[in-house]
Amino acid sequence: MADDPKQNDAPKKKGDSKAKAEQDQAEPTEKKQGRLSRLRFSKKKDMPGGLWLKCESCSEVIFRKELEEKGRVCPSCGFHFTVPGRERIAMVLDEGTWREQFAEIEALDRLNFIDSTPYSEKIARTVKRTGQNEALLCGFGEVLGKPIVLAILDFGFMGGSMGEVVGEKLALAIELAIRDRRPFVVFTSSGGARMHEGVLSLMQMAKTCAALKKLNDVGGFSICVMTHPTTGGVTASFASVTDIVLAEPGALIGFAGPRVIATTLKQELPAGFQRAEFLLDRGMIDNIVARDKMRETIARLLDYVDEAPYESAAAAVRHA
Ligand SMILES: [Zn+2]
């Protein structure tokens with residue numbers, strides 16, 4: 001469970017432990033133990049990241065194991081929690097069909113960017129914690145026997161943010177789809193462009209869209225599934241321009257956050273603003289698909305694809 005980003009690197013925790021260490025030095029042992037037991041008690045009451053967690057939609061307290069067994073769907077309200085990348089692969093693909101590609105490509109700190117800590121340190125820490133080199137996982141796989149190229153943007157790796165490597169891997173994955181004439185399927189969960197890489201991360205918006213355009217030109221087929229949360233430069237680029245755009249129920253999908261918009265417009269936002277259902281109503285996405293129906297839905301959509309369009313579209317491009 002180390003990959004739940006909300007529980008990790010919380011600055012509050014850091015400050016607490018520092019303050020605690022300072023106080024620990026100053027206090028005699030008996031007093032310290034009394035205070036420690038009180039601390040443990042209050043910790044239990046807040047239930048941070050342990051056995052229990054609070055549903056962010058209905059506020060119901062859920063047993064973590066039960067949530068995991070139900071595919072991270074809230075047993076009380078059906079809210080679809082963010083799924084770690086590797087778990088998503090297992091959920092979507094037929095067992096034993098995953099062949100990961102480009103896993104070795106690592107992020108670079110070209111700008112020597114430092115906020116609270118140097119970006120290079122942050123990457124190193126995240127790589128160590130997650131066991132993967134970047135936020136995007138991509139490779140070959142099959143859904144109910146149908147071959148695809150799959151890409152997953154993992155929120156557990158720096159909020160699924162899109163930097164140079166995410167853009168590069170996505171473009172490479174799309175090129176594999178073109179080369180092998182496989183449909184391209186991508187699942188997104190992202191905070192948007194990776195600010196640590198400055199303008200280089202914004203360039204990935206154009207790059208990924210250009211790659212999808214290339215796929216489109218040769219008659220390829222692409223599906224994006226936006227999951228909670230998909231925001232910023234990811235929503236504003238490749239995630240919105242695939243042939244089919246699906247979303248999971250209740251997923252937050254938008255560009256800027258609701259608070260920023262409300263402050264800028266000086267208006268109250270409508271109920272359900274930026275949720276998948278709201279966007280379906282307004283034609284921004286094609287459909288909402290529950291997690292337990294995702295595999296069969298993707299497989300059904302893939303039924304519409306055969307190799308013929310690739311051939312004719314490629315010929316059309318050549319003769320243009
Ligand atoms: Zn719930």
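**A strand and its surroundings**

Colleague: How many residues of E7 are buried?
Modeller: E7 is mostly covered. Helices (H or I, at least four residues) and strands (E, at least two) are DSSP runs, numbered from the N terminus. A residue is buried if 20 or more other C-beta atoms lie within 10 Å of its own, exposed if 12 or fewer, and partly exposed in between, with C-beta atoms placed from the backbone. By that count, the number of buried residues in E7 is nine of nine.

Colleague: What kind of model is this?
Modeller: Residues are numbered from 1 along each chain as its sequence is written. Local features need pLDDT of at least 70, side-chain atom pairs count only at pLDDT 80 or more, and totals for chains, interfaces and linings use all residues; the model is predicted.

Colleague: What share of the residues in the protein chain is buried?
Modeller: The protein chain has 12 helices and nine strands. It has 320 residues, and the buried share is 37%.

Colleague: In what order do the strands of the open sheet lie?
Modeller: Two strands pair if DSSP finds at least two bridges between them. The open sheet has seven strands, and its pairing is mixed. Strands E3 (99–101) and E9 (287–288) are the edges, each pairing on one side only. The order is E3-E4-E5-E6-E7-E8-E9.

Colleague: How many bridges join E7 to E8?
Modeller: On one side, E7 pairs with E6 in the parallel sense over six bridges, where Ser-190 stands opposite Thr-230. E7 and E8 also run parallel. The number of bridges between E7 and E8 is four.

Colleague: Which residue of E8 is the bridge partner of Val-225?
Modeller: Val-225 sits in strand E7 (residues 222–230). Two residues are in contact if their C-beta atoms, placed from the backbone, lie within 7 Å. Leaving out residues up to four places away in sequence, Val-225 touches Phe-187, Leu-246, Ala-247 and Glu-248. Its bridge partner in E8 is Leu-246.

Colleague: Why does Val-225 count as buried?
Modeller: In sequence, Val-225 is 39 residues from Val-186, yet their C-alpha atoms are 6.2 Å apart in space. Val-225 is buried because the number of other C-beta atoms within 10 Å is 27.

Colleague: What length does H7 reach from its first C-alpha to its last?
Modeller: Helix H7 (residues 198–217) has 20 residues.

Colleague: Which elements are included in what covers the buried residues of H7?
Modeller: An α-helix has 3.6 residues a turn, so residues three or four places apart point the same way. The buried residues of H7 are Ser-201, Gln-204, Thr-208, Ala-211, Leu-212 and Leu-215. Their cover includes helix H6 (164–180), strand E6 (184–190) and E7.

Colleague: What is the handedness of the β-α-β unit made by E6, H7 and E7?
Modeller: A crossover is right-handed if, with the strands pointing away from the viewer, the path from the first strand over the helix to the second runs clockwise. The unit of E6, H7 and E7 is right-handed.

Colleague: Is the peptide bond from His-228 to Pro-229 cis or trans?
Modeller: Most residues other than glycine have a negative phi, and most peptide bonds are trans. Pro-229 is in strand E7. Omega of the bond from His-228 to Pro-229 is near -15°, and the bond is cis.

Colleague: What is the phi of Arg-181?
Modeller: Arg-181 lies in the loop between H6 and E6. It counts as partly exposed, with 18 C-beta neighbours inside 10 Å. Its phi is positive, in a residue other than glycine, and is near 50°.

Definitions and conventions: The expected span of a helix is 1.5 Å times one less than its number of residues.
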